[in-house]
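Subject: Handover of a structure and the findings

Dear colleague,

Please find the sequence and the structure below.

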Amino acid sequence: MFYKSGSLMFVSLMFMLGGKPSWCQTSKMLSAQADRVMALGEWEERWREDQTGWHRPHVNKMLESNIEKVLDGRKGVKFFFPLCGKALDMKWLADMGHSVVGVEIAEKAIKQFFEESNMTYSEETVSALPGAKVYKSSERNISLYQCDLYNFSSAIEGQFGGIWDRGSLVAINPRDRQKYAALITSLMDKDCRYLLDTLLYNPEVYKGPPFFVPDEQVQSLFGKSCDIELLQSLDALTDREKARGMDFFTEKVHLITLKTN
């Protein structure tokens, strides 16, 4: 396999072997994708063309295996799904008695979620969000907002007791991560338990999305105001990633909670 940079190949090998590169080394890897930008229209186009390889036709295994740590004995938790797509995880949680609020730019994804889940739904405009719509299930406590994620705020739906971030932080433009982290923390209630899914691979061989998000950046984004616990790390390399030139692909799940002091 050909790498543009010998130093990045070395750092990638460290990640692959479970090592801890320095922040300087990690920054070099982050710089490989720093200028990558995808417009909202490109995401909508992917949905229109059914180019949605990130969607899973089942409940996410990482969520299933860590749900008790997220719930922490609570019932009727209000969950937020940033860039929700048509994730089956939303219905799974709603069926357990929790409420779900999602944000997604693609109308097709939202409508497919309800239709494929055999749920009827209503469609309303949102006075506080010009141009936005909210789709509400008639059978479950699920509300999905079609809008730019960065236009959403706690003024719309309050704060949340749980957040499931699978395919959101790793999908936004890398240059927007500070803004994203500020939004997410503003949506966290004092007892919120935020489950974050991240990916590690060599960004020199694949431009993303999904994007490379190392532990060090999770710490820099959320560590000042939150406690961060690594719950799970999994070798997720499949033929799909190998076809993109990757020789390692690690999926990690972090539990993030607001600091109490």
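Arginine 193 is found in strand β7; helices (H or I, at least four residues) and strands (E, at least two) are DSSP runs, numbered from the N terminus. This is a predicted model, in which local features need pLDDT of at least 70 and side-chain atom pairs count only at pLDDT 80 or more, whereas totals for chains, interfaces and linings use all residues. Residues are numbered from 1 along each chain as its sequence is written, and side-chain values use heavy atoms, with hydrogens and water left out.

Is arginine 193 buried or exposed? With a relative accessibility of 18%, arginine 193 counts as buried, because buried means under 20% relative accessible area, exposed over 50%, and partly exposed in between (1.4 Å probe, protein chains only). A polar atom of its side chain lies 2.6 Å from the backbone oxygen of lysine 69. Contact means heavy atoms within 4.5 Å. Neighbours within four places in sequence aside, the contacts of arginine 193 include Lys69, Asp72, Arg74, Gly161 and Thr257.

Aspartate 72, one of these contacts, is in the loop between α4 (61-71) and β1. Aspartate 72 is exposed, at a relative accessible area of 51%, and its phi is near 50 degrees, a positive value in a residue other than glycine. Asparagine 118 also deserves a look: its phi is near 55 degrees, again positive in a residue other than glycine. Asparagine 118 lies in the loop between α6 (107-116) and β3 (121-125) and is exposed, with a relative accessible area of 70%.

The loop between β7 and α9

Proline 209 and proline 210 are both placed in the loop between β7 and α9. A cis peptide bond, with omega about 0 degrees, joins glycine 208 to proline 209. Another cis peptide bond joins proline 209 to proline 210, also with omega about 0 degrees. As for α9, six of its eight residues are buried, so this helix is largely enclosed by the rest of the structure. The buried residues of α9 include Val218, Leu221 and Phe222.

Nonpolar cores

In soluble globular proteins, nonpolar side chains tend to be buried together. A nonpolar core is a set of buried Ala, Val, Leu, Ile, Met, Phe, Trp, Tyr and Cys residues joined through side-chain atoms within 4.5 Å. The largest one has 43 residues, of which Phe80, Leu129, Tyr145, Phe152, Tyr194 and Phe222 touch the most other members. Two or more residues come from each of α2 (23-31), β2 (99-104), β6, α8 (177-186), β7 (188-200) and α9 (215-222). The largest share, six residues, is given by β7. Apart from this core lies another, of 25 residues, with Leu71, Met90, Leu93 and Phe113 among them.

Aromatic rings

How many aromatic pairs does the structure hold? There are ten aromatic pairs. Rings of Phe, Tyr and Trp (its six-membered ring) pair if their centres lie within 6.5 Å; planes under 30 degrees apart count as stacked, over 60 as edge-to-face and the rest as tilted. The pair of phenylalanine 80 and phenylalanine 160 is tilted, because the ring centres are 5.0 Å apart and the planes stand at 35 degrees. Phenylalanine 80 lies in strand β1 (residues 78-82) and phenylalanine 160 in strand β6 (residues 160-165), so the pair ties together parts that are 80 residues apart in sequence. Phenylalanine 80 is buried at 0% relative accessibility, and phenylalanine 160 is buried with a relative accessible area of 0%. Ring pairs link Phe80, Tyr145, Phe152 and Phe160 into a cluster.

A charge sits over a ring if NZ of Lys or CZ of Arg is within 6 Å of the ring centre and within 35 degrees of the ring normal. The charged end of lysine 78 is placed in this way over phenylalanine 160, 4.9 Å from the ring centre. Likewise, the charged end of lysine 179 sits over the ring of tyrosine 150, 4.2 Å from its centre.

Cysteines

A disulfide is a pair of cysteine sulfur atoms within 2.5 Å, and the structure holds zero disulfides. For cysteine 84, the nearest cysteine sulfur is that of cysteine 147, 9.7 Å away, which is too far for a bond. Cysteine 84 is buried, at a relative accessible area of 6%, and cysteine 147 is buried at 9%.

With kind regards

Terms used
Polar contact = N/O pair within 3.5 Å; in protein donor to acceptor, adjacent residues only side chain to side chain.
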